[in-house]
Amino acid sequence: MLGIETSCDETSVAIVSSDYQILANVVLSQEDHAAYGGVVPELASRAHIRTLCFICRQALERAGLTWNELAGIAVTHGPGLVGSLVVGLSTAKGLALSTGLPLIGVHHMEAHLFANRLTGPIPCPFVALLVSGGHTELILVPRWGKYELLGRTRDDAAGEAFDKTAKLLNLIPGKGVVAGGRMLAQCAANGNSHAVQFPRALQGQPNCDFSFSGLKTAVLNHVRSLSQRALSEQLEDIAASVQAAIVGALVDKTVYAVQVTGVQHVALAGGVAANAMLRQELEVNVRKQGCTMYCPPPALCTDNAAMVAAAGCFHLEQGETADMDLDAFPRISLA
Ligand code: KG4
Ligand code: ZN
């Protein structure tokens, strides 16, 4: 299965075998947005156009395959930036038409979940914590392909909280907003996570919802209350405290989801799943509930096409292929 991922600012093409082995996974992170402090949609679409065909050929070369050895073309058709999605979708349709291969439309968040499938099977039912730059959701998966929403963020996504606070702490000058999570985690590595008590909205409430917008305001107020010197002295402690607040909320609500559903397996996925503290804390806390945690390696947590191809393998196996009128959906929920 050839997978194409262009929903945001990573251009990626991968090839995955029907038993979920990665044969090639080319990921190109766009540099075009560095000067703007965030992803510029028009620049993202243009960068996808420039590189996508080349990356398709590169993925085939790396896998040592030809077009007629493939079984299908899977492509992210939402959610994401509409212009970027259209580039991937048009390319996938062109390839499907010219090769005669079936076209498979993949939901970006389902693809994130399928990154787990690339490291091994997960026994169903399980609870999935999906945490990316645009989404934060707890989902019950009774079986692959069936998703029941348990709760989601009421405002910002967890990745957005990392990105925006990293920006407030001036941790990402010239690197764009999207590197925020990684930069904040790096800065937090040697800090004291108990230094500042940042708010954990909805904590202790009997639901699976999240809210991170108050955290952003609290960090802003805290930063404003400090002198420049105090801020630079306390930067690592503040970053560690922010990270602890985000991770704490994610872990608490996942544990609650486990308790109300009674599942024995928990899967973590999405860009924020690359966060070392989240991986550790979630593992420890779900294990206390008698659960096993599953998580892709960090490189497969952030956007990549191998996860899209993996979801494509599953849908093709189910006989779920798309027609040439498959559309791009900037907003489309998984459950
Ligand atoms: O899934 P993803 O690559 O793109 C979207 O679908 O949004 O997720 C990107 C998000 C960004 O918000 C980024 O800051 C966050 O994942 N992220 C991290 C880490 N690596 C990426 N957040 C915390 N710690 C990390 N190590
Ligand atoms: Zn993503």
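How many bridges join strand 7 (residues 136-143) to strand 8, and in which sense do the two run? Five bridges join them, and the strands run antiparallel. Strands here are DSSP runs of E with at least two residues, helices are runs of H or I with at least four, and both are numbered from the N terminus. Two strands pair if DSSP finds at least two bridges between them.

This is a predicted model, in which local features need pLDDT of at least 70, side-chain atom pairs count only at pLDDT 80 or more, and totals for chains, interfaces and linings use all residues. Residues are numbered from 1 along each chain as its sequence is written, chains are lettered from A and ligands numbered from 1 in the order written, and side-chain values use heavy atoms, without hydrogens and water.

L140 has E148 of strand 8 as its bridge partner.

Another open sheet of five strands has the order 3-2-1-4-5, also with mixed pairing. Strand 3 (22-29) and strand 5 (103-107) are its edges. Strand 1 (residues 2-5) pairs with strand 2 (residues 10-16) in the antiparallel sense over four bridges. The bridge partner of E5 in strand 2 is S12.

**Ligand 1**

The shell around ligand 1 holds 17 residues, of which H112, G133, D163, G181 and N275 come nearest. A residue counts as near if one of its heavy atoms lies within 4 Å. The shell divides into four nonpolar, 10 polar (Gly counts as polar) and three charged residues.

| Residue | Distance to a ligand 1 oxygen |
|---|---|
| G133 backbone | 2.8 Å |
| G271 backbone | 3.0 Å |
| D303 backbone | 3.0 Å |

Taken alone, ligand 1 exposes 550 Å², and the protein buries 88% of that. These accessible areas come from the Shrake-Rupley method with a 1.4 Å probe. Helix 3 (108-114), helix 4 (158-168) and helix 5 (180-188) each give two or more residues to the shell. Helix 4 supplies the largest share, three residues. Domain 1 (2-113 + 300-317) and domain 2 (122-298) each contribute at least three residues; the domain bounds come from an automatic or database assignment.

Terms used:
Polar contact = N/O pair within 3.5 Å; in protein donor to acceptor, adjacent residues only side chain to side chain.
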